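Hello,

Here is the structure I promised to send over. Have a look at it first, and then read on for what turned up inside.

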Amino acid sequence: FGDAGDNVFLTKMLDIKSPAHEAFVYWFLNIVEQNRAMPSFTTMLQHLPEVLYNFFKKQWHEIPSSEQSEQLVNMVMDYLDLESLPVPTEKRRHPPVLEIRGLKWRAGGVASK
């Protein structure tokens, strides 16, 4: 599917000169916001690089490079106004899943009209 390579599409989306960059940032941070009220959100933040790796691997079949992962983590930290990520309180075999929750989660768990 798409361009050959581990992270070609993600590279295009993260390029601030790309016409799609602004839309990507909006889409991505909207997904973060959709997960913010979930009980597992703090754990997501504790394991954010792994969470984002799994998210983009599942969604786009792309593997973020270490630089891209750092850029995405910084984007989330800036959005949430965090100076650092919370320290993991437990070792996990699998990090929590960042989910696209859609319209039903945007009004506090009630479907938006």
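The largest nonpolar core holds 24 residues, and F24, F28, L72 and M75 touch the most other members. Such a core is a set of buried Ala, Val, Leu, Ile, Met, Phe, Trp, Tyr and Cys residues joined through side-chain atoms within 4.5 Å, with buried meaning under 20% relative accessible area for a 1.4 Å probe, protein chains only. Two or more residues come from each of α1, α2, α3, α4 and α5 (helices are DSSP runs of H or I, at least four residues, numbered from the N terminus).

Please bear in mind that this is a predicted model: local features need pLDDT of at least 70, side-chain atom pairs count only at pLDDT 80 or more, and totals for chains, interfaces and linings use all residues. Residues are numbered from 1 along each chain as its sequence is written, and side-chain values use heavy atoms, without hydrogens and water.

Back to M75: leaving aside neighbours within four places in sequence, M75 is in contact (heavy atoms within 4.5 Å) with L14, F24, V25, F28 and L29.

Then there is α5, residues 66-80. Among its buried residues are L72, V73, M75 and V76, and the buried residues of α5 pack against α1 (8-14), α2 (21-35), α3 (41-46) and α4 (48-60). After α5 comes D81, with a positive phi near 60°.

Enjoy exploring the model!

Best wishes

Terms used. The expected span of a helix is 1.5 Å times one less than its number of residues. Buried means under 20% relative accessible area, exposed over 50%, partly exposed in between (1.4 Å probe, protein chains only).
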